[in-house]
Amino acid sequence: MQLLSVKRKLVAPGKILVKPGDRVKHDTIIGKMNYIPGQMHRVPVAESLGVDYQEIENVILPTLGDWVEKDQVIAVNDLFYSRLHVSSPISGYLSLVSKYLGLAFIREPLPSGPKDPIRYSAEELGISKIAFATGFTVKQGTIVDKGRVLINSTKPPLVSPAVGRIREVSLTEGYFVLVPLYQSTELNAHLSGVVKQVLADDEVVIESYGIELQGLIGFGKESVGELMVYPDTNSSLFGKQVTEEVKGKVVLHRGDIELSALEKLAGYEAKGVILGAIDLDILHQFSREEPLVLHGHRMEIPFTIVVMQGFGQMMDLDTYAQLTKYHGKEISIDGATQLRAGVVRPRILIPLGEDDQID
């Protein structure tokens, strides 16, 4: 066994809910953000008030992290015969004041949204497929704000219920799928273990003992589930092999996977799949995105995919044999991948107690 360590960080101001020494499970809520960070708006304070960039902190009225309303005065410069002021263009949090740029930055909070993808069809909306096609206002892949009009041929027009991305569109069949991008302000532990450190009130280090392996490339976000091993009997995982037994599981298969199997894993709500390889065309058909452009956390798919070997290759037999020993154990996976500077590879973490150690 080896020491496992993960850092969990709030990406916006909030509160850490645990302390060093606390024992946590993977789904323990360890922190909560005050808001979900959205677009950053620049306010030219120094230029508007006629002050030197270095003096900008002296004219700002709110404190960093304060909430400001739209049109609220956020900076003032009292002159001999007049008073200049600058107002916030939006409601949000004062996130940064730069004496090098002479700017104040207001961070707009995003509304939380539903967790699961939302499918709309012409039939459910009570319109014809022709009306659906002519009234649809956005393109596949578009990021939409909450309240944006998506179809203007319904009465009233259909608007987006959340900030999200249009993942799939068929104008001929009359349907589209909206994937909400922002769901929760809560931060979970991801790894079952012990809180080692709380850093700067926004970051937690969690440690455990177990097994860690690194993948070659990953797609999707973080997932935790019980490991379910498919025997090394053929090179591809086919749809007919996938049953409802995969629900909540992280599936291991030494070879690659067919589109039908990916679709059934999604339908049965699997948490993830660890593969030796995957065909890029199949992944493109499944995700509707370009796999080598949008990978890691940026690809919105129903479950996490970790590829251990590459494209067109079986998983190394020793790696596969090592993983099969932990069939039925809790496993944490993360599809985060960065292939340029500061390389990040997907992680597989298997926390183990002393009684669980397997030679």
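1. The second largest pocket of this predicted model is lined by 17 residues. Those nearest its centre are Arg-23, Ser-192, Gly-193, Ser-208 and Tyr-209. The volume of this second largest pocket is about 390 Å³.

2. As to the source of that lining, three strands each supply at least two residues to the second largest pocket: strand E3 (23–24), strand E18 (193–199) and strand E19 (203–214). The lining comprises 7 nonpolar, 4 polar and 6 charged residues.

3. Strand E6 (residues 67–68) is joined to E9 by 2 bridges in an antiparallel arrangement, with Trp-67 standing opposite Tyr-93 of E9.

4. E9 also pairs with strand E10 (residues 103–110): the two run antiparallel and are joined by 5 bridges. Within this pairing, Ile-106 of E10 stands opposite Leu-94. E9 and E10 form a hairpin with 4 residues between the strands, and in this hairpin Gly-102 adopts a positive phi near 70°.

5. Strand E4 (residues 29–33) has antiparallel pairings with two strands named here. With strand E2 (residues 14–16) there are 3 bridges, and Gly-14 stands opposite Met-33 of E4. With strand E17 (residues 186–188) there are likewise 3 bridges, and here Ile-29 stands opposite Asn-188 of E17.

6. A further point concerns an open sheet of 4 strands, in the order E11-E16-E15-E12, whose pairing is antiparallel. Strand E11 (118–121) and strand E12 (143–144) stand at the edges of this sheet; each has a single partner strand, and therefore one side of each is left without a neighbour in the sheet.

7. Which strand is joined to E11 by 4 bridges? It is strand E16 (residues 175–180), which runs antiparallel to E11. The bridge partner of Tyr-120 in E16 is Phe-176.

8. For reading the pairings above, it may be recalled that strands of a sheet pair through backbone hydrogen bonds, in either a parallel or an antiparallel manner. In the present model, the antiparallel manner applies to E6 with E9, to E9 with E10, to E2 with E4, to E4 with E17 and to E11 with E16.

Methods: Residues numbered from 1 in each chain as written. Predicted model: local features only at pLDDT ≥ 70, side-chain atom pairs only at ≥ 80, totals over all residues. Heavy atoms only, no water. Pairing = 2+ DSSP bridges. 1 Å grid on protein atoms, 1.4 Å probe; cavity = no way out; pocket = protein on both sides within 12 Å on 5 of 7 lines; lining within 4 Å. Points joined across faces, edges and corners; volume = space filled by probe spheres on them. Nonpolar A, V, L, I, M, F, W, Y, C, P; charged D, E, K, R; others polar.
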